[in-house]
Amino acid sequence: MKKFPITIPIIIIVIVLAMWMLEKDYSEINMMTRLMISLGAGIFSGLISFFLFRFDKNHTN
């Protein structure tokens, strides 16, 4: 549960940046496709960050 405060903002940032980049560079792609690409990128980056960030259970700060 300690990983979610880090994972959720990463997902949101990736979705927003992907939407912005797709709008800027690939405006000929329709909105629904851009949204699906952005959501996929957000979920993928969230999974990566969830599994790669380590949180020591013995480390208490």
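This is a predicted model: local features need pLDDT of at least 70, side-chain atom pairs count only at pLDDT 80 or more; totals for chains, interfaces and linings use all residues.
## Ground rules

Local features need pLDDT of at least 70 and side-chain atom pairs count only at pLDDT 80 or more, while totals for chains, interfaces and linings use all residues. Residues are numbered from 1 along each chain as its sequence is written, and side-chain values use heavy atoms, with hydrogens and water left out.

## Helix α2

Helix α2 covers residues 31-52. Helices here are DSSP runs of H or I with at least four residues, numbered from the N terminus. α2 has 22 residues. From first C-alpha to last, α2 reaches 31 Å, close to the 32 Å expected at 1.5 Å a residue. That expected span is 1.5 Å times one less than the number of residues.

## Two sides

Arg34, Ser38, Gly42, Ser45, Gly46 and Ser49 are buried in α2. Buried means under 20% relative accessible area, exposed over 50% (1.4 Å probe, protein chains only). Seen down the axis of α2, the buried residues fall within an arc of 105°, so they line one face of the helix. The arc is taken from the directions from the helix axis to the C-beta atoms. These buried residues pack against α1 (4-25). On the other side of α2, Met32, Met36, Ile43, Phe44 and Phe51 are exposed.

## Arg34 up close

Arg34 lies in α2. Its relative accessibility is 8%, so Arg34 counts as buried. The side chains of Arg34 and Glu23 make a polar contact at 2.2 Å. A polar contact is a pair of N or O atoms within 3.5 Å; within protein, one must be able to donate a hydrogen and the other to accept it, and residues adjacent in sequence count only if both atoms are side-chain atoms.

Definitions and conventions:
Helices (H or I, at least four residues) and strands (E, at least two) are DSSP runs, numbered from the N terminus. Contact means heavy atoms within 4.5 Å.
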